[in-house]
Amino acid sequence: MGEGGSRAIPLWDLPTRLTHWAIAVAFGVSWYTADNHLMGAHRISGYVILGLVVFRLYWGVAGGSTARFASFVRGPGATLAYARTLPRRDSVAVAGHNPLGAWSVVAMIVLLAAQVGMGLFAVDVDGFESGPLSHWVSFETGRTIAGAHEWGFRGLLVLIGLHLAAVAYYHLYKRQNLIGAMIHGRRRLGEGAEPLKGAPLWRLALGVAIAAGLAWAIAKGLRF
Amino acid sequence: MSPIRKPRTLGLAAGAILALTLAGAALAQTAAEKAVGARQAGFKQIGAAFKTINDEARAGKPDMAAIAAAAAKLKTHAAQVPTWFPKGSGVESGAKTGAKAEIWSDAAGFASASANFQAQANKLQQLAAAGNVDATKAQVRQVGAACQACHSKYREKD
């Protein structure tokens, strides 16, 4: 490993890792259920993703240090400077999202949020299956949104493909194992690397309550 | 005009007529395309009416009059369904359509499926007009089943 001689330090907190893998699984479920027209299950998996995205956004301002947007979203200068080091095999491992990967994360979260948002208003061709908020839009509008929902899916496939290709590139070419860190949360980093500063448990509880409450209310169509 | 110019004038005129004819042919919809357009517009009306019904059926307090009115529209369109599929308006015509060949090869089955849709929509309209909420909700599912029974047999999957 290019990271030999250094120590493994905590990098990703458990909520960040669980959210990551849960989104990966739920994306697969959404894909499968849409392909097989299992719309009841598709709606449920959409509500799960809605809750996960809401939680991830909340965790991006209230979570552990490496999950916070302010800690990893960088300007064009820093991003470009990092991008220039991409062909180098000996580049120093970044503690957390690197400036380029950060934009990939932001793009995936934004498109996933938009995708879930469109699903809430989408209507199927028969006017039978529909998202929980589709009663706010006309049949025509709901059909247009359903069309955009399909394009959103294609866009997500592209972003996920890029994400997987980047992880493979770091693994094979740069000899940096990013997958292990996302599983067990620890990573070998240089002496100066700043370890994760975790968030207190009450913040996690609050975030789960907000995400679950919002997903439940929207699943009910915001009709009470 | 000089005699020498005449053949060229004639050639120009013939060319212009030919070009106009080709352009006209390209612009004109075929009969099959017109039929496909009409039936897709019709099914969009059905989809819109059925969405109204579903929106109300899923609401806490369904507007039964709105359901009855939309169900009456469904019934009207259901009666039109058999006229939306003239012979020669399938994929073989070159028109972009999801209508399967079985619509014409199994005409009796298709007629009974559309008659069933008409009957279920009629029942829905009566239940909604009578203000029976639970029976109306159950009947909405019956109408949906009538849609699906026909679509699974006679419509291409998208």
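A patch, as the word is used here, is made of residues with over 30% relative accessible area and no salt bridge, and nonpolar side chains are joined into one when they lie within 5 Å. Keep in mind that this is a predicted model. With that in hand, look at the surface of chain A: A:Trp136, A:Trp216, A:Leu222 and A:Phe224 make up a nonpolar patch there, and together they have about 540 Å² of accessible area. Take A:Phe224, which sits in the segment after helix H8 (201–219) of chain A. Its relative accessibility is 76%, so A:Phe224 counts as exposed.

Now let's go inside. The largest nonpolar core has 29 residues, and B:Ile53 and B:Leu74 are the ones that touch the most other members. Four helices of chain B, namely H2 (31–57), H3 (64–80), H5 (107–129) and H6 (133–154), each give this core at least two residues. H3(B) provides the largest share, with seven residues.

Finally, see where the two chains meet. On chain B's side, B:Lys51, B:Asp55 and B:Arg58 supply 40% of the area buried against chain A, more than any other three residues. One salt bridge is counted between the chains: the side chains of B:Arg155 and A:Asp126 meet at 2.9 Å, N to O.

Key:
Residues numbered from 1 in each chain as written. Chains lettered and ligands numbered in written order. Predicted model: local features only at pLDDT ≥ 70, side-chain atom pairs only at ≥ 80, totals over all residues. Heavy atoms only, no water. Patch = residues over 30% accessible without salt bridge, like charges linked within 9 Å, V, L, I, M, F, W, Y side chains within 5 Å. Areas by Shrake-Rupley, 256 points an atom, 1.4 Å probe, with all protein chains shown as cover. Salt bridge = Lys/Arg side-chain N within 4 Å of Asp/Glu carboxyl O. Buried < 20%, exposed > 50% of the residue type's maximum accessible area, 1.4 Å probe, protein only. Core = buried A, V, L, I, M, F, W, Y, C linked by side-chain atoms within 4.5 Å. Buried area = accessible area lost by both parts, 1.4 Å probe.
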